[in-house]
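Here is a short note to read alongside the structure.

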Amino acid sequence: MQYMLMIHEDESIYAGPDGEAILADTLAKHMALAEAWVAAGVPFSGERLKPSATATTIRWNHGSHQLHDGAYAESHEELGGFYIITVDDLDQALEWAKRIPVPGKGSVEVRPIWPMGAEG
Amino acid sequence: MDARGGAGAAIIAARPVVVAALAARFRDLDLAEDGFADASELALRQFAHHPLPANMAGWLHVAARRRIIDRLRRDARLVRIVEQSGLEPEADAEEPDAVSDFDPRIPDERLRLIFICCHPAIAPDARAALTLRVVCGVPTERIAAAFLMAVPAMYQRLTRAKAKIREAQVPFETPPQHLWGERLAAVLTTLEIGYALAYQDAGSSEPTADLGLEVLRLAAMLAELVPGDPEVLGLAALVQLAESRRAARIDRDGCMVPLSEQDAARWDAALIASAATLMEQAAALGCSGPYQVMAALHLTHARRRNGQRTDWQAIVRLYDVLLMMRPGAVVAINRALALAQVEGPRAGFDALEALQGPALDRYRPWHAARAYLQAAMGDMAAARASYRAALALNPPRAERLYLEAAFRETSA
């Protein structure tokens, strides 16, 4: 089963006085996590996203749409990146998700991916 | 005994073991529940006029398994479940109605089923409802009544929880040892919700009274399955002690009787003794926790059953410990009431007044405690106002009758 691990973090923590050190530390932990996946034979992929200020949102309303500057929702936790991993079940996905570094406050959402070709 | 009633009781008793074994095997809660329901119907028909089998659980297990496999064969949409669970088609294609033999060795998967229903990925309230439904077999209507919810809403909550388990692929395995801390904590909070629901109303009408017995059974089952965890034993003892007082909690008119005024002779001595044994076992494991402290509080009160005076000083000390473990308004209010027994109503009232919190004003136990202590201090006008405030906050019937009687006394 594939799960998407969505990392919602407080971007401003990287802009603070210790921002660079926190970023370096967080990235190192991401590298270590990737190595752990390789060592455990867990298939994975993932990306880091640019800050939410670079986002453009297309908002649909019954067929018509408008473009907006910024992420889809204003919040203090922005989607900063994601992984997709293939594991046996939710418990394994949660165990891995707990190892994702989140400096300060934030959250990691774990969602099963709808398998291609599966019936509804 | 009426054979049908006998079969009914045997079926209810067999349910947790059978449903758990079916769920573990077929990896689907709905299939397990439906299969059990089919088998129960069959048993009720078959044993209405025949003696019960020696092993009802074994009989139901075989009958349910056959019914489920039969269903799987007929229902092409369920092929996926067969493939995923690696099930071999069963050789015995005989009519499910012709169950004559049974396997006496059903694997005990109850703990596994409890862990699935109490997975922390499911919201706590939904967990409690799901556990009562799937493990205990409490009808959805009764669970809805206990949660003060409409039946369709409760049905939807249960359906959603089951869908989450299925779609997010909550594993049907017993969690590995290193996850037990978190997972067992989720099980205990689930049971605590059931316990709170069952005992929130002294004059509980049918749904919650039944729920008390279910929670009692469930807690005892967990203590049997996880005897090495002191908090599991503590919670089981706590539920037994609460249940031991059920008969004494209301008087003939349906009016609530506070613990300290209850007739101890009406408390269930066997349940108290059993709880005391559980707590000794827990203490021997040498790790305290809030459930053990709460059970110790109840047990201190229960000693009155043996003619001993209530040791209020010990109770205050236990509340102090509990406050450190679990700070909260209920604990602080109860501590103030205990303190009043040791140092007089003024000390208790001062402790109450020292509490702070924006929601206290809307909290019935706070007003009721103030009223009680104000009356004890002789300030009847203030007590009347506090009783009025408590009565304005929609108490359940038994508590309302008690508050009204106390209110009248302040005017006497």
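1. Start with helix 2 of chain A, residues 90-97. Its buried residues are L90(A), D91(A), A93(A), W96(A) and A97(A). Within chain A, these buried residues pack against strand 1 (2-9), helix 1 (19-40), strand 5 (78-86) and strand 6 (106-112). They also pack against helix 9 (180-199) of chain B. Keep in mind throughout that this is a predicted model.

2. The N-terminal end of helix 2 of chain A is capped by D89(A). A side-chain oxygen of D89(A) sits 3.1 Å from the backbone nitrogen of D91(A). D91(A) is itself one of the buried residues of the helix.

3. Next, the interface. Chain A and chain B share 2 salt bridges. Polar contacts join 6 residue pairs between the two chains, counting pairs with both residues at pLDDT 80 or more. Which element of chain A gives the largest share of the side that touches chain B? Helix 2 does, with 4 residues. By type, the residues on this side of chain A are 5 nonpolar, no polar and 6 charged.

4. Chain A contributes 11 residues and chain B 12 residues. About 870 Å² is buried between them, and carbon and sulfur atoms give 53% of that area.

5. Chain A as a whole has 2 helices and 6 strands. Read from the N terminus, the order is β-α-β-β-β-β-α-β. The C-alpha atoms occupy a box of roughly 50 × 45 × 20 Å along the principal axes. Of its 120 residues, 28% are buried. Among contacts in chain A with a separation of 6 or more, 73% are between residues 24 or more positions apart. Its accessible surface is about 8000 Å², with 57% from carbon and sulfur atoms.

6. Chain B is built from 19 helices and 0 strands. It has 412 residues, and 51% of them are buried. Residues at least 24 apart account for 67% of the contacts in chain B between residues at least 6 apart in sequence. The accessible surface of chain B is about 19400 Å², 53% of it from carbon and sulfur atoms.

7. Look at T410(B), in helix 19 (residues 397-411) of chain B. Is T410(B) buried or exposed? It is buried, at 6% relative accessible area. A polar atom of its side chain lies 2.4 Å from the backbone oxygen of F407(B). Leaving out residues up to four places away in sequence, T410(B) touches A375(B), M380(B), A383(B), R384(B) and Y387(B).

8. Two residues other than glycine deserve a backbone check. H62(A) has a positive phi of about 50 degrees. It lies in the loop between strand 3 (56-61) and strand 4 (64-69) of chain A, and is exposed at 82% relative accessibility. N394(B) has a positive phi near 50 degrees. N394(B) is in the loop between helix 18 (380-391) and helix 19 of chain B. It is exposed too, with a relative accessible area of 68%.

9. Over all chains, the structure has 27 salt bridges. One of them joins D25(A) and K29(A), with the closest N and O atoms 2.9 Å apart. Both residues lie in helix 1 of chain A, 4 residues apart, or about one turn. D25(A) is partly exposed at 38%, and K29(A) is partly exposed at 43%.

10. In chain B, E33(B) and R133(B) form a salt bridge, the closest N and O atoms being 3.2 Å apart. E33(B) is in helix 2 (residues 29-46) and R133(B) in helix 6 (residues 124-134), so the pair ties together parts 100 residues apart in sequence. E33(B) is buried, at 6% relative accessible area.

11. E224(B) and R110(B) also meet in a salt bridge, at 3.0 Å from N to O. This pair links helix 10 (residues 206-225) to helix 5 (residues 110-117) of chain B, across 114 residues. E224(B) is exposed at 53%, whereas R110(B) is buried at 11%. Elsewhere, salt bridges with shared partners join R15(B), D30(B), E33(B), R133(B), K162(B), R166(B) and E167(B) into one network.

Definitions and conventions. Residues are numbered from 1 along each chain as its sequence is written. Chains are lettered from A and ligands numbered from 1 in the order in which they are written. This is a predicted model: local features need pLDDT of at least 70, side-chain atom pairs count only at pLDDT 80 or more; totals for chains, interfaces and linings use all residues. Side-chain values use heavy atoms; hydrogens and water are left out. Buried means under 20% relative accessible area, exposed over 50%, partly exposed in between (1.4 Å probe, protein chains only). Contact means heavy atoms within 4.5 Å. A polar contact is a pair of N or O atoms within 3.5 Å; within protein, one must be able to donate a hydrogen and the other to accept it, and residues adjacent in sequence count only if both atoms are side-chain atoms. Buried area is the accessible area (1.4 Å probe) that two parts lose on being put together, summed over both. A salt bridge is a side-chain nitrogen of Lys or Arg within 4 Å of a carboxyl oxygen of Asp or Glu. Ala, Val, Leu, Ile, Met, Phe, Trp, Tyr, Cys and Pro count as nonpolar, Asp, Glu, Lys and Arg as charged, and the others, Gly among them, as polar. Accessible areas come from the Shrake-Rupley method with a 1.4 Å probe; for residues, only the protein chains shown count as cover.
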